[in-house]
Amino acid sequence: MSPVHLPPELHQFKQFVETRPELINLVRQGQYTWQTLFNLWKEKGEEEGFWKQFGATKTETRQSNSDYIQNVLKKISEIDIDQVEKNVNQLMGALAQIEHLSDQFKQMKKGPDKKRFPF
């Protein structure tokens, strides 16, 4: 499968949006559509006053990504491996019990059918 080739203006718009992560959130929240924002960007340009309220820069985005990664690493370091292992073992035991019950129900289901039709 070949990669999708976007028109140059879509690449430019994508780069523009990447410097303003708040726009992504507003689209996800349903306040704007990508088409609406693209049309505004295409008609008015990047210098339109509307964009000033979303003035994040790439360095700010990188910093927020860095903060996010640091938070994830901190959460991972706080995980109690012994507790995770205990929970996994309990889950495996519960699944084994469910499998055992399922096998019993299958045997019960097969048993009466054989007795009804001995031929």
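The questions below set values from this structure against definitions.

Q: What makes this a model to be read with care for confidence values?
A: This is a predicted model, in which local features need pLDDT of at least 70 and side-chain atom pairs count only at pLDDT 80 or more, while totals for chains, interfaces and linings use all residues. Residues are numbered from 1 along each chain as its sequence is written, and side-chain values use heavy atoms, with hydrogens and water left out.

Q: How do you know what confidence the predictor has in the protein chain and its elements?
A: The predictor's confidence in each residue is its pLDDT, on a scale from 0 to 100. The mean for the protein chain is 82, and 82% of its residues reach 70 or more.

Q: What makes up the secondary structure of the protein chain?
A: Helices are DSSP runs of H or I with at least four residues, strands are runs of E with at least two, and both are numbered from the N terminus. By that rule the protein chain has 5 helices and 0 strands.

Q: Why is the pair E9 and K42 called a salt bridge?
A: The term requires a side-chain nitrogen of Lys or Arg within 4 Å of a carboxyl oxygen of Asp or Glu. The closest N and O atoms of E9 and K42 are 3.6 Å apart, so the pair qualifies. E9 lies in helix α1 (residues 8-18) and K42 in helix α3 (residues 34-44), so the pair ties together parts that are 33 residues apart in sequence. A search of the whole structure finds 1 salt bridge.

Q: Why are E9 and K42 called partly exposed?
A: Buried means under 20% relative accessible area, exposed means over 50%, and partly exposed is in between (1.4 Å probe, protein chains only). E9 has 32% and K42 has 48%, so both fall in between.

Q: How do you know that the buried residues of α1 line one face?
A: The buried residues of α1 are F13, F16 and V17. Seen down the axis of α1, they fall within an arc of 95°, so they line one face of the helix. The arc is that of the directions from the helix axis to the C-beta atoms. An α-helix has 3.6 residues a turn, so residues three or four places apart point the same way. The buried residues of α1 pack against α2 and α3.

Q: What makes the buried residues of α3 a one-sided set?
A: The buried residues of α3 are L37, F38 and W41. They fall within an arc of 100° seen down the axis of α3, so they line one face of that helix. They pack against α1 and α2 (21-28).

Q: What is G45 in contact with, leaving aside its neighbours within four places in sequence?
A: Contact means heavy atoms within 4.5 Å, and G45 is in contact with L40 and W51 on that basis, leaving aside those neighbours. G45 is found in the loop between α3 and α4, where, just after α3, G45 takes a positive phi of about 90°.

Q: Why is the group that includes I69 called a nonpolar patch?
A: Patches are made of residues with over 30% relative accessible area and no salt bridge; like charges are joined within 9 Å, and nonpolar side chains (Val, Leu, Ile, Met, Phe, Trp, Tyr) within 5 Å. Y68, I69, V72, L73, I76, I79, I81, V84, V88 and M92 form such a patch on the surface, with about 970 Å² of accessible area together. The elements that give two or more residues are α4 (58-77) and α5 (81-116), and the largest share, 5 residues, comes from α4. Accessible areas come from the Shrake-Rupley method with a 1.4 Å probe; for residues, only the protein chains shown count as cover.
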